[in-house]
Amino acid sequence: VASGQSIFDGDYADNQSASKGVQYGWLESENYINNRPYENNLYTSYDFSRPSQKIAYDKYASTDGYIKNEPLWEQTRSSADGTLTFNGLNQYVVTDNTLADFKDIELRTSILWKGGKSNQKVFYFGNEKSYLYFTPSNENNKSEFVISNGTTTQKLTASSSLVAGEWSIIRIILSGDTAKLIINEK
């Protein structure tokens, strides 16, 4: 029985009930389910708290990502714990496509942008026609969230680019027909 905010993954095979978190596999007791890490309304979290050149571990469930072309992992970087540094060319993380399947969602990430060419993609979900992405600096030197359904493209554009060399917290909230871009809680 799944209730509340529980999600059973495809290979779930047990007769236990859950009201929170993501459950998968063969579980041995309801006590196991109730003691799994969980945060209200959170589907997945990549905190990079342990070193890996291949797997971006999901803290809460089984939606691990795959790290491509070995970005630099550091335990601590400029006051942040567990970071990946990408070269801006061919390093990235491939995540499960379910991350972009929600109609209402909040995407949140911390970025220490080093500057560089315009329209770098911090994240990109989709294909050439239907997609969503965030760039720290578009062709007009402004941070921007872009979403397209293949017919219509919409943009949320900030008043400036991210500040190179400083940490920024980016929040993108999609709710119904409304979208918000929040940078450093502003």
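This is a predicted model: local features need pLDDT of at least 70, side-chain atom pairs count only at pLDDT 80 or more; totals for chains, interfaces and linings use all residues.
Figure 1. Strand E11 (144-149) contributes 4 residues to the lining of the second largest pocket, the most of any element. The lining comprises 24 residues in total. Those that lie nearest the centre of the pocket are Leu132, Phe145, Ile147, Ser148 and Leu174. Besides E11, the elements that supply two or more lining residues are E8, strand E9 (123-126), E10, strand E12 (153-157) and E14. The space within this pocket amounts to about 510 Å³.

Figure 2. Thr135 belongs to strand E10, which spans residues 130-135. With a relative accessible area of 0%, Thr135 counts as buried, because that term applies to values under 20%. A polar atom of the Thr135 side chain lies 3.3 Å from the backbone oxygen of Ser137. When residues up to four places away in sequence are not counted, Thr135 touches Asn119, Gln120, Ser143 and Glu144. Strand E10 is also among the elements that give two or more residues to the lining of the second largest pocket.

**Figure 3. The open sheet formed by strands E8, E13 and E14.** This sheet has 3 strands in the order E8-E13-E14, and their pairing is antiparallel. Strand E8 (105-112) and strand E14 (178-183) stand at the edges with a single partner strand each, so one side of each has no neighbour in the sheet. On average, neighbouring strands of the sheet are turned by 10° against each other, direction ignored. Strand E13, residues 167-175, pairs with E14 in the antiparallel sense over 6 bridges.

**Figure 4. Asn184 and Glu185 in the segment after strand E14.** Asn184 is placed in the segment after E14, and Glu185 is found in the segment after E14 as well. The phi angle of Asn184 is near 55°, a positive value in a residue other than glycine. Glu185 likewise has a positive phi, near 60°, and is a residue other than glycine. For most residues other than glycine, phi is negative. Which of the terms buried, partly exposed or exposed applies to Asn184? Asn184 is partly exposed, because its relative accessible area of 35% falls between the limits of 20% and 50%. Glu185, at 53%, is exposed, because that term applies to values over 50%.

**Figure 5. The hairpin of strands E5 and E6.** Strand E5, residues 72-77, and strand E6 pair in the antiparallel sense over 5 bridges. Together E5 and E6 form a hairpin with 2 residues between them. In the turn, Ser78 has a positive phi of about 45°. Arg77 has Ala80 as its bridge partner in E6. Strand E6, residues 80-85, is mostly covered, with 5 of its 6 residues buried.

**Figure 6. The chain as the setting for the close-up views.** The chain contains 1 helix and 14 strands. Of its 186 residues, 33% count as buried. Thr135 is one example of a buried residue. Among contacts in the chain between residues at least 6 apart in sequence, 32% join residues at least 24 apart.

Definitions and conventions
Residues are numbered from 1 along each chain as its sequence is written. Side-chain values use heavy atoms; hydrogens and water are left out. Two strands pair if DSSP finds at least two bridges between them. Axes are lines fitted to C-alpha atoms, for helices over the stretch in contact, and angles run from 0 to 180 degrees between N-to-C directions. Buried means under 20% relative accessible area, exposed over 50%, partly exposed in between (1.4 Å probe, protein chains only). A polar contact is a pair of N or O atoms within 3.5 Å; within protein, one must be able to donate a hydrogen and the other to accept it, and residues adjacent in sequence count only if both atoms are side-chain atoms. Contact means heavy atoms within 4.5 Å. On a 1 Å grid over the protein atoms alone, a cavity is a set of points where a 1.4 Å probe fits but cannot get out, and a pocket is an open set with protein on both sides within 12 Å along at least five of seven lines; lining residues have an atom within 4 Å of a point. Grid points are joined across faces, edges and corners, and a volume is the space filled by probe spheres set on the points.
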